[in-house]
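Me: I am new to this structure and would like to learn how to read it. Could we take the features one by one?

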Amino acid sequence: MNLVLLGPPGAGKGTQGHKLAEELDVPRIATGDILREAIEQGSELGSAAQQYMDRGELVPDEVVVGIVRARLALGDCDDGFILDGFPRNVGQAEELDEMLQARGRGIDACLLLSVPDADVVRRLSGRRVCERCGNPAQAVPGDEPACERCGGRLVQRTDDKEDTIRARLEVYRQETEPLVAYYAARGQLEEVPGRGSIDDVFEHMKARVAAMAPAGHRELR
Ligand code: AP5
């Protein structure tokens with residue numbers, strides 16, 4: 001299946017995206033992770049993106065659209081993919097539609113994870129991410145836990161400061177939230193409450209995906 005994960009920063013897109021990608025055996029394409037890798041490598045792309053990310057603003061469309069276009073062209077996306085953090089505005093959604101239509105394909109569903117702002121700020125202030133695989137976790141006071149997926153070191157993201165978190169939330173409201181209406185108008189929006197335990201949210205997501213799976217699609221485990 002070709003899925004889009006939508007939701008405010010901290011809604012759990014990365015957490016659920018990793019699990020769903022394993023479950024469906026398709027790649028998870030996270031533009032935020034790709035941009036952070038570019039920054040770490042000191043590439044031209046990374047230095048162009050960093051100023052926007054540090055302010056909590058969107059990186060220009062032409063940059064992220066180019067990243068996604070190149071990634072979707074790789075053969076491992078032929079049997080489906082999960083987009084995490086893209087599209088982020090209506091312009092990007094239209095570009096995605098064009099990219100996929102050119103291959104006779106489309107999005108099957110947009111899964112919206114809804115979480116109140118107060119939870120977002122609390123979650124992101126305590127978030128740590130694996131510096132190796134990007135898997136998110138919560139900080140445990142006095143402890144230095146390792147990534148539960150790969151054992152990598154957990155670090156704090158530079159944009160997980162309270163003022164940047166609030167800026168990212170505002171950008172979400174202004175620029176990304178219109179995508180809720182965009183996908184709802186096409187009958188492709190599936191809202192999943194993002195509160196509750198990570199496992200409960202995942203069970204809910206799996207049920208929604210199974211209900212929307214096109215005929216002949218591989219069954220969920
Ligand atoms: P990006 O990396 O995409 O960040 P984001 O959308 O702000 O989302 P987050 O990664 O912060 O949150 P998440 O929903 O993945 O939550 P997570 O699972 O980690 O983008 C960063 C920046 O890159 C943007 O600001 C922009 O500058 C740029 N960018 C990226 N894509 C772009 C695009 N398409 N166009 C332009 N610019 C782009 O969970 C958060 C925390 O909560 C974790 O600690 C987790 O352990 C915890 N948690 C998860 N689920 C639960 C639960 N059920 N209960 C309790 N805690 C939970």
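Me: Let us start with one residue. Where is Cys150 found?

Reply: Helices (H or I, at least four residues) and strands (E, at least two) are DSSP runs, numbered from the N terminus. Cys150 is found in the loop between strand 6 (136–138) and strand 7 (154–155).

Me: What should I know about the model before going on?

Reply: This is a predicted model, in which local features need pLDDT of at least 70, side-chain atom pairs count only at pLDDT 80 or more, and totals for chains, interfaces and linings use all residues. Residues are numbered from 1 along each chain as its sequence is written, and side-chain values use heavy atoms, with hydrogens and water left out.

Me: Is Cys150 buried, exposed or partly exposed?

Reply: Buried means under 20% relative accessible area, exposed over 50%, and partly exposed in between (1.4 Å probe, protein chains only). Cys150 has a relative accessible area of 28%, so Cys150 is partly exposed.

Me: Which residues is Cys150 in contact with, leaving aside its neighbours within four places in sequence?

Reply: Contact means heavy atoms within 4.5 Å. With those neighbours left aside, Cys150 is in contact with Cys130, Arg132 and Cys133. From C-alpha to C-alpha, Cys150 and Cys133 are 7.2 Å apart in space, and 17 residues apart in sequence.

Me: How many helices and strands does the protein have?

Reply: The secondary structure comes to nine helices and eight strands.

Me: How do I read the overall dimensions?

Reply: The radius of gyration is taken over C-alpha atoms, and the globule rule is 2.2 Å times the number of residues to the power 0.38. A compact globule of 221 residues would have a radius of gyration near 17 Å, and the protein, with 17 Å, agrees. Along the principal axes, the C-alpha atoms fill a box of roughly 50 × 40 × 30 Å.

Me: What share of the residues counts as buried?

Reply: Of the 221 residues, 46% count as buried. As for contacts between residues at least 6 apart in sequence, 72% join residues at least 24 apart.

Me: How do two helices cross, taking helix 2 and helix 3 as the case?

Reply: Axes are lines fitted to C-alpha atoms, for helices over the stretch in contact, and angles run from 0 to 180 degrees between N-to-C directions. The axes of helix 2 (residues 31–41) and helix 3 (residues 44–55) cross at roughly 115° and come within 8 Å. A crossing is left-handed if the near helix is turned anticlockwise from the far one by less than a right angle, and right-handed if clockwise. The crossing of helix 2 and helix 3 is left-handed.

Me: Which residues of helix 2 and helix 3 meet?

Reply: From helix 2, Gly32, Leu35, Arg36, Ala38 and Ile39 meet Leu45, Gly46, Ala49, Gln50 and Met53 in helix 3. By class, this contact has six nonpolar, three polar and one charged residues. Here Ala, Val, Leu, Ile, Met, Phe, Trp, Tyr, Cys and Pro count as nonpolar, Asp, Glu, Lys and Arg as charged, and the others, Gly among them, as polar.

Me: What covers the buried residues of helix 2?

Reply: The buried residues of helix 2 are Thr31, Gly32, Asp33, Leu35 and Ala38. Their cover includes strand 2 (28–30), helix 3, helix 4 (61–72) and strand 3 (81–84). Helix 2 is followed by Gly42, whose phi is positive, near 70°.

Me: Take Thr31. What does Thr31 touch, not counting residues up to four places away in sequence?

Reply: With a relative accessible area of 4%, Thr31 is buried. Not counting residues up to four places away in sequence, Thr31 touches Val68, Asp84, Gly85 and Phe86. The peptide bond from Phe86 to Pro87 is cis, with omega near 0°. Pro87 has its place in the loop between strand 3 and helix 5 (90–101).

Me: Where is Asp25 found, and is Asp25 buried or exposed?

Reply: Asp25 is in the loop between helix 1 (13–24) and strand 2. At a relative accessible area of 63%, Asp25 is exposed. Phi of Asp25 is near 60°, a positive value in a residue other than glycine.

Me: Is Ala109 buried or exposed?

Reply: Ala109, in strand 4 (residues 109–114), counts as buried at 1% relative accessibility. Not counting residues up to four places away in sequence, Ala109 touches Asn2, Leu3, Val4, Gln188 and Met212.
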